[in-house]
Amino acid sequence: AQHILNVELEQRVVTRTAELSEALQTLKRTQSELVQSEKLASLGSMVAGIAHELNTPVGNALMVASALQDQQTQFEAGLDGGLSRSHLNHFLVSVHDSADILNRNLRRTADLINSFKQVAVDQTSEQRRRFNLHEVAHEVVVTMSPALRKTSHQLINQVPEGILLDSFPGPLEQVLMNLTNNALRHGFEGKQNGQILLQASLLPDSWVQILFSDDGVGIDEHSLQKIFDPFFTTKLGQGGSGLGLSIAYNIVTAMLGGRIEVISEVGKGTQFMIEIPL
């Protein structure tokens, strides 16, 4: 009888182990799908934002080009009847001003497209490459500019030139964008003219420290302990998935081989400290 009980117990253990293993695999697949979904949502939001942002400089350039064309037509018509020096000067000033406006708007357009293209390539390919940290920070600032423009807040790139990494810029950009979205959604609630600072400095043994600081409302102690937990959100039912900071934590610790910590005090802002190997 004892032998039969042992056999039945072993069989139950085998069955339960198989069930648990299958449940774990399903959970891993679900987690992976959620992460991919979050990334795609982030990329989709970025595409919509950049498309909207391009409307302004492209629209300005078209308007100025059209006005310049009209002025050229008038100038040519005036040539037949003879032009005064004042008309000539007026035309030259208009050409100079138009060229300046065209130059600034087209540079802005090129900057937006280049930044978006690099961020999109980095995030979809997740390739390792050599990159300049200041440039990656600049790409994040440009890419997040549509979201920031809807607010009174600023994201300021204070990362010094010359910090070079051989790492994964796409995932790092994802982390910085997730932190920015988190600050805009939670950090500045009920606050105007907030500032987010992106800073960095070299550490010993070929590591770099990246500081992401805001002067917002801060995080209470209870939330601070759960901030990197998946599905933890203080905006349940208001569009918060609770995955943004969890994904950021996993990227920093697993893919980038580093660590991330958060320091915050209610009413005094929040600082995320990321340390990764160069």
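Me: Where is Asn193 found in this model?

Reply: This is a predicted model, and in it Asn193 sits in the loop between H4 and strand E4 (195-203). The backbone there has a positive phi of about 50 degrees, although Asn193 is not a glycine.

Me: Is Asn193 buried or exposed?

Reply: Asn193 is exposed, because its relative accessible area is 57% and exposed begins over 50%.

Me: Which loop holds Asp205, and what is its phi?

Reply: Asp205 lies in the loop between E4 and strand E5 (207-214). Its phi is positive, about 60 degrees, although Asp205 is not a glycine. Asp205 is exposed too, with a relative accessible area of 70%.

Me: Now the helices, please. How are two packed helices described?

Reply: Two packed helices are described by the angle between their axes and the distance between the axes. The axes of helix H4 (residues 169-187) and helix H6 (residues 244-255) come within 9 Å and cross at roughly 150 degrees. That angle makes H4 roughly antiparallel to H6, since angles over 145 count that way. The crossing of H4 and H6 is left-handed.

Me: Which residues make the contact of H4 and H6?

Reply: H4 brings Pro171, Gln174, Val175, Asn178, Leu179 and Asn182. From H6 come Gly244, Leu245, Ile247, Ala248, Ile251, Val252 and Met255. By kind, the residues of this contact are nine nonpolar, four polar and no charged.

Me: At what angle do H3 and H4 cross?

Reply: H3 and H4 cross at roughly 40 degrees, and their axes come within 10 Å. H3 and H4 are therefore oblique to each other, and their crossing is right-handed. On the H3 side the contact includes Leu133, Val136 and Val140, while the H4 side includes Leu172, Leu176 and Leu184. The residues of the contact of H3 with H4 divide into eleven nonpolar, three polar and two charged.

Me: What tends to happen to nonpolar side chains in soluble globular proteins?

Reply: They tend to be buried together. In this model the largest nonpolar core has 41 residues, and Leu133, Leu155, Ile210, Phe212, Ile274 and Ile276 touch the most other members. Elements giving two or more residues to this core are helix H3 (133-149), H4, E4, E5, H6, strand E6 (259-265) and strand E7 (269-277).

Me: What is Leu133 in contact with, leaving aside its neighbours within four places in sequence?

Reply: With those neighbours set aside, Leu133 is in contact with Val159, Ile163, Leu165, Leu172, Ala200, Val208 and Ile210. Leu133 also belongs to the contact of H3 with H4.

Methods
Residues are numbered from 1 along each chain as its sequence is written. This is a predicted model: local features need pLDDT of at least 70, side-chain atom pairs count only at pLDDT 80 or more; totals for chains, interfaces and linings use all residues. Side-chain values use heavy atoms; hydrogens and water are left out. Axes are lines fitted to C-alpha atoms, for helices over the stretch in contact, and angles run from 0 to 180 degrees between N-to-C directions. Helices (H or I, at least four residues) and strands (E, at least two) are DSSP runs, numbered from the N terminus. Angles under 35 degrees count as roughly parallel, over 145 as roughly antiparallel, 65 to 115 as roughly perpendicular and the rest as oblique. A crossing is left-handed if the near helix is turned anticlockwise from the far one by less than a right angle, and right-handed if clockwise. Contact means heavy atoms within 4.5 Å. Ala, Val, Leu, Ile, Met, Phe, Trp, Tyr, Cys and Pro count as nonpolar, Asp, Glu, Lys and Arg as charged, and the others, Gly among them, as polar. Buried means under 20% relative accessible area, exposed over 50%, partly exposed in between (1.4 Å probe, protein chains only). A nonpolar core is a set of buried Ala, Val, Leu, Ile, Met, Phe, Trp, Tyr and Cys residues joined through side-chain atoms within 4.5 Å.
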